[in-house]
Amino acid sequence: MTSKKIHNDWELVEMARQGDMNAFAEIVSRYEGKIARTVIGMLGETAEADDVGQETFIRFFKSIHSFRGDSSLGTYLTRIAINLSYNVLKKGKRTGSLVQIWNEEEKEMDIVDESQDHEEKEKGEMIDKAIQSLEPGFRAVVNLRLVQGYTTKETAEILGLPLGTVLSRLSRAQMQLQGKLKHLI
Amino acid sequence: MKRGKFYRWLWMSEENALTETRKKKLDRAMKKMPDLEKSRREIRKLSELLSERDYHFRPGFVDRTMNRIASQVIQSQNAELFPGIAPAFKWISIAGVAALFILVFSFYLSQGSLSIESFFGTNSFSDDNLISYLLYQN
């Protein structure tokens, strides 16, 4: 039986710097979920979200030699993902509403998997819609603080904003979300 | 003290990130303002609701990403291996277009026309020339 050594992030980065593509693939695999939560949280389940997710890792690959480890790898990648998402939103590449490109696949899966809780799914969609209706600046704060569970201070650091601005955006976003999700809260 | 500030502090208090002084101020304010207590409950409920959200990329994300990286690596390696190729192509194509232009221009000067006939040198031929050629070639 062969045992695979589990490397920490920094070891993987060092290995990837030496040209070990398997190590980089491990980084992608390890942070795929986090980046998905960031990017899909910002853009919705769109074709751009998948592209931005890939681009996040490509950017990191290109700049891997300049990664000093001042912040954790997850935070560093999240920062890239947020900035790229902002760029997409600024360029207006999005259609505005939550366009789910693999909606059809999911619908098919629903038919097969009859045990799936439709009520839960509807609730999730409602929450997504409410988040997507927020302005990008508010959406980023909500995504990092409430969806991903970063602290307010970490959120401020990732977004490069003063703590007061993050708190203010959180309070305002809370009011807007309450209005939209009042039957859930 | 502005009311809005207490609402913002509520977020910090949920993370235990308030200083003792601010914590005490917030506790006192909460006794005076029932809205603050309501807001705290809403923050907790909202945090609970949103933290349940999970998003995923389509299956095969790692492969798609690694394929894109691999193709970009190959491109950059080619560029490193043959750094003069792209500029050389540029100059070759410019020189080619210039030579073609000179050729066409000199042809025009010598023949006075750019027609197909003048290109094949048959512009001075008449139908009679062709018939007599075909009739008497043997």
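## Where chain B meets chain A

Across the interface of chain B and chain A, 12 residue pairs are in polar contact, with both residues at pLDDT 80 or more. The side of chain B that touches chain A draws two or more residues from each of α1 (3-14), α3 (34-51) and α4 (61-81) of chain B. Keep in mind as you look around that this is a predicted model.

**The interface**

- In contact with each other are 31 residues of chain B and 49 residues of chain A.
- About 3,800 Å² is buried between the two chains, and 67% of it lies on carbon and sulfur atoms.
- On the chain B side, B:Trp11, B:Tyr55 and B:Phe57 lose the most area to chain A, together 21% of what that side buries.

**Charged partners**

- Eight salt bridges are counted between chain B and chain A.
- A salt bridge joins the side chains of B:Arg58 and A:Asp50, at 3.5 Å from N to O.
- The touching side of chain B holds 14 nonpolar, six polar and 11 charged residues.

**Aromatic rings**

- Nine aromatic pairs turn up over all chains.
- A:Phe57 and B:Phe61 make an edge-to-face pair, 5.9 Å centre to centre with 65° between the planes.
- This pair crosses between chains, linking helix α3 (residues 47-62) of chain A with helix α4 of chain B.
- Both A:Phe57 and B:Phe61 are buried.
- B:Phe61 also pairs with B:Phe57: the ring centres are 4.2 Å apart and the planes at 10°, so this pair is stacked.
- B:Phe57 counts as buried because its relative accessibility is 6%, under the 20% limit.
- One aromatic cluster is formed by A:Trp10, A:Phe24, A:Phe60, A:Phe61, A:Phe67 and A:Tyr76.

Methods. Residues are numbered from 1 along each chain as its sequence is written. Chains are lettered from A and ligands numbered from 1 in the order in which they are written. This is a predicted model: local features need pLDDT of at least 70, side-chain atom pairs count only at pLDDT 80 or more; totals for chains, interfaces and linings use all residues. Side-chain values use heavy atoms; hydrogens and water are left out. Contact means heavy atoms within 4.5 Å. Buried area is the accessible area (1.4 Å probe) that two parts lose on being put together, summed over both. A salt bridge is a side-chain nitrogen of Lys or Arg within 4 Å of a carboxyl oxygen of Asp or Glu. A polar contact is a pair of N or O atoms within 3.5 Å; within protein, one must be able to donate a hydrogen and the other to accept it, and residues adjacent in sequence count only if both atoms are side-chain atoms. Helices (H or I, at least four residues) and strands (E, at least two) are DSSP runs, numbered from the N terminus. Ala, Val, Leu, Ile, Met, Phe, Trp, Tyr, Cys and Pro count as nonpolar, Asp, Glu, Lys and Arg as charged, and the others, Gly among them, as polar. Rings of Phe, Tyr and Trp (its six-membered ring) pair if their centres lie within 6.5 Å; planes under 30 degrees apart count as stacked, over 60 as edge-to-face and the rest as tilted. Buried means under 20% relative accessible area, exposed over 50%, partly exposed in between (1.4 Å probe, protein chains only).
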